[in-house]
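This report is for a reader who has not seen the structure before. Please look over the sequence and the model first.

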Amino acid sequence: MKRRGFQPLHLAGWLFADLLLVLALVAMGDQGDPQAARAADSASPSPSATATAKPGKPRHKGPRAVVRTPVKVAVDAAPGDKDAMVRGLRKATERYTGRQAAFVLTFGRHPDPGAGGDYAHQINSLLKKARPDMFRDATTRDFWKGGAATGHADLEIYFYTY
């Protein structure tokens, strides 16, 4: 009977997993802290105005991040009534003008999952028409939310920090 000895090839998978973990930690450690950059901006004295600086526009340092808490809004419009949907989106997002959305989760209410997802998709397809600056390059996802009422969507909007 042949006795099997130590086979270093068996450790290759573990070594790969450990190296991947180290690379992930290094990548996360390389990211800047947007809240620390904001605190440093407010603590430092303001520079004198130059010809290249735009008045009223703060200069941001560090990477842009996404706010963890979503802004929740609701839209009520009959399915297929795109004009009413756009009006509802404009009204619901009016107080957030000037901000840019990173991603939007839309939950269409309907007793049927397919119809609820379709309604959410209709709402998401009209976001850029309602507010082009706010939803430019925003990622959207369509979801179904059970309920007896139709023609209603709940949106969770995650905005960028600046």
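Predicted model: local features only at pLDDT ≥ 70, side-chain atom pairs only at ≥ 80, totals over all residues.

## Helix α3

Helix α3 covers residues 82-93.

The buried residues of α3 are A84, M85, V86, G88, L89, A92 and T93. An α-helix has 3.6 residues a turn, so residues three or four places apart point the same way. Among the elements that cover the buried residues of α3 are β1 (71-76), α4 (113-125), α5 (127-130) and β4 (152-159).

## K91 on the helix

K91 is part of α3. Is K91 buried or exposed? K91 has a relative accessible area of 67%, and because exposed means over 50%, K91 counts as exposed. In sequence, K91 and V73 are 18 residues apart, while in space their C-alpha atoms are separated by 9.8 Å.

## The sheet

Four strands make up an open sheet with mixed pairing, and their order is β1-β4-β2-β3. At its edges are β1 and β3 (139-145), each of which pairs on one side only. On average, and with direction ignored, neighbouring strands of this sheet are turned by 20° against each other.

β1 and β4 run antiparallel and are joined by six bridges. Within this part of the sheet, A74 stands opposite D154 of β4.

## Helices against the sheet

α3 lies across β1 and β4, and its direction is at about 150° to β1. α4 also packs on the sheet, where α4 touches β1, β2 (101-109), β3 and β4. The direction of α4 makes about 150° with that of β3.

## D154 in strand β4

D154 is located in strand β4. The relative accessible area of D154 is 16%, and because buried means under 20%, D154 counts as buried.

Which residues is D154 in contact with, leaving aside its neighbours within four places in sequence? They are V73, A74, L105, T106, F107, R109 and K145. With K145, the side chain of D154 makes a polar contact of 3.2 Å. A74, also in that list, is the residue that stands opposite D154.

Conventions:
Residues numbered from 1 in each chain as written. Heavy atoms only, no water. Helix = DSSP H or I, 4+ residues; strand = E, 2+ residues; numbered from the N terminus. Buried < 20%, exposed > 50% of the residue type's maximum accessible area, 1.4 Å probe, protein only. Contact = heavy atoms within 4.5 Å. Pairing = 2+ DSSP bridges. Axes fitted to C-alpha atoms, helices over the stretch in contact; angles between N-to-C directions. Polar contact = N/O pair within 3.5 Å; in protein donor to acceptor, adjacent residues only side chain to side chain.
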